[in-house]
Amino acid sequence: MPAAAPSSLTPAPDDTSVRAALRSPARLRTEVLAGLVVALALIPEAISFSIIAGVDPRVGLFASFTMAVAIAFLGGRPAMISAATGAVALVVAPVVRDHGLDFLIATVLLGGAIQVVLGLLGVARLMRFVPRQVMVGFVNALAILIFLAQLPHLVDVPWAVYPMVAVGIAIIVGLPRLTTAVPSPLVAIVVLTAYALATGTGVPDVGDEGRLPDSLPTLGLPDVPWTLETLQIIAPYAVAMALVGLLESLLTAKLVDDITDTPSDKTREAWGQGGANLVTGLFGGMGGCAMIGQTMINVKASGARTRLSTFLAGVFLLVLVVGFGDVVALIPMAALVAVMVMVSVGTFDWHSVRPATLRRMPRSETTVMLATVVVTVATHNLAIGVGVGVLTAMTLFARRVAHLTAVRRELVEDADGSATAVYRVTGELFFASSNDLYTQFDYAHDPERVAIDLSAAHVWDASTVAALDAITTKYARRGTHVEITGLDAASAERHQRLSGSLSPH
């Protein structure tokens, strides 16, 4: 009997399954090497963010370790990297400056708890209100920020840094054309480190960024007074940290979904970020969220797809800085700069800025993308940039939809010989369009009967009901009877519930 043909409905293998990766030597090698590359790239970033926050480098490094390991178990997006980030560092820096490290830890714990609550309340569902062009602007701004972050490592440095960066970029670009057995960023780091040690060029290295820890993080609570006054101090920063962290993490998860063509659980990711921050706070870390640059290294440059790479990134980070700190300190910054430059190039959506794309794209869509990029780059805050982008998109959308509303007047002769002025309204009626509705009626010259036909319109809000009330009231002062017809069920319910109750009598 012939074998049955494979069904087209047979589910494809799950690329995000840890069990499947452990059973496949090739997949396992990819996940392990990806975790190692990410760990190496995390070290200078964590040190830099610690400096921004005003804390010892160990605080940022331990936060990156605990965040990565915790989110590997708690998160809803496999292969995404969470660690200490610049966005969170900027938010919590005033707490450290004004109140000290213990208040920072308390802020991280409260921020994590807020994220858990928001996650359980379903805040992740709000992601559907982020337009595509805001996402494009977010990605492009991120690529620009990643590139700009490398410039300090290319200014006032020995001349040898520049050819080393160029060689590193050449390895990252060229090696995959020969073999993909090992991640090209890892090869670039190894080759450039070996060259720097062999030649003694004296270029800046990771050790110049700050002292690496030589002990493990310890579990404990912050030494702060557990009073209402402490809560009043840390609450504003905790709320800001929670919102910034969730926004950046959920946007990154959506980006990884698109790159890997696999779904993720955004609700789990939201409360998982909170859980990871709680763990980080208990181990004395500075908190964090998803890191888009390192996530792109993991997913796009290295090809990782499972939680295993995220977990190993955290483990390798701790092993490297605690067990092999002296060796890691010798890695030239030129190698890591080359990796991050190529990450920025790969992250940028070049298709979005091609002349052909810009010519086809409506100007409002391009404006939204540019507003997101400009504000994000200017403020160095992805959350502010995305917020401005969403507000810009909402404003332009409301303006565009408002112009689609039209009012057409006609006189209809009744059976008794009298006339009725019929106003046929088409379009969506909400605050932006209904504000002009009041002015489109001929109050002075209309007959004693007026009909407003809304069968081709929809009433969306109280502003529209108030506008209809104002129209009927103005006609009533002239002794004109107004009849509103054609309301669909939802519009009729809204009109009946709100009419007559929106202005003082």
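Visitor: What does Asp414 count as at its relative accessibility?

Guide: At 21% relative accessibility, Asp414 counts as partly exposed. Before we go further, note that this is a predicted model, in which local features need pLDDT of at least 70 and side-chain atom pairs count only at pLDDT 80 or more, while totals for chains, interfaces and linings use all residues. Residues are numbered from 1 along each chain as its sequence is written, and side-chain values use heavy atoms, with hydrogens and water left out.

Visitor: Which residue does the side chain of Asp414 meet in a salt bridge?

Guide: A salt bridge here is a side-chain nitrogen of Lys or Arg within 4 Å of a carboxyl oxygen of Asp or Glu, and by this rule the count comes to 11 salt bridges. Asp414 pairs with Arg449 in one of them, at 2.4 Å from N to O. This pair links distant parts of the chain, 35 residues apart, since Asp414 sits in the loop between β3 (406–413) and β4 (419–429), whereas Arg449 belongs to strand β5 (residues 449–459). Arg449, with a relative accessible area of 32%, is partly exposed.

Visitor: Where do Arg424 and Asp453 lie, and how many residues apart are they?

Guide: The side chains of Arg424 and Asp453 form a salt bridge at 3.0 Å, N to O. Arg424 is in strand β4 and Asp453 in strand β5, 29 residues apart, and this pair too links distant parts of the chain. The two partners fall into separate classes of accessibility: Arg424 is partly exposed with a relative accessible area of 27%, while Asp453 counts as buried at 14% relative accessibility. Through salt bridges that share partners, Arg408, Glu410, Arg424 and Asp453 are joined into one network.

Visitor: At what N to O distance do Arg58 and Asp56 meet?

Guide: The salt bridge between the side chains of Arg58 and Asp56 has an N to O distance of 3.1 Å. Arg58, at 29% relative accessibility, counts as partly exposed, and Asp56, at 31%, counts as partly exposed as well.

Visitor: Turning to helix packing, at roughly what angle do the axes of α6 and α17 cross?

Guide: Axes are lines fitted to C-alpha atoms, for helices over the stretch in contact, and angles between N-to-C directions run from 0 to 180 degrees. For helix α6 (residues 132–150) and helix α17 (residues 382–402), the axes come within 10 Å and cross at roughly 150 degrees. Angles under 35 degrees count as roughly parallel, over 145 as roughly antiparallel, 65 to 115 as roughly perpendicular and the rest as oblique; α6 and α17 are therefore roughly antiparallel to each other. A crossing is left-handed if the near helix is turned anticlockwise from the far one by less than a right angle, and right-handed if clockwise; that of α6 and α17 is right-handed. Val134, Phe138, Leu142 and Leu145 of α6 make the contact (heavy atoms within 4.5 Å) with Leu382, Val386, Gly389 and Val390 of α17. By class, these residues divide into 7 nonpolar, 1 polar and no charged, where Ala, Val, Leu, Ile, Met, Phe, Trp, Tyr, Cys and Pro count as nonpolar, Asp, Glu, Lys and Arg as charged, and the others, Gly among them, as polar.

Visitor: What is the orientation of α2 and α8 to each other?

Guide: The axes of helix α2 (residues 25–53) and α8 come within 9 Å and cross at roughly 55 degrees. The two helices are therefore oblique to each other, and their crossing is left-handed. On the α2 side the contact is made by Leu33, Leu36, Val37 and Leu40, and on the α8 side by Pro185, Leu186 and Ile189. This contact has 7 nonpolar, no polar and no charged residues.

Visitor: Is Ala270 buried or exposed, and which residues is Ala270 in contact with?

Guide: Ala270 lies in helix α10 (residues 266–282) and, at 1% relative accessibility, counts as buried. Leaving aside neighbours within four places in sequence, Ala270 is in contact with Gln115, Gly119, Val123, Leu246 and Leu250.

How values were computed. Helices (H or I, at least four residues) and strands (E, at least two) are DSSP runs, numbered from the N terminus. Buried means under 20% relative accessible area, exposed over 50%, partly exposed in between (1.4 Å probe, protein chains only).
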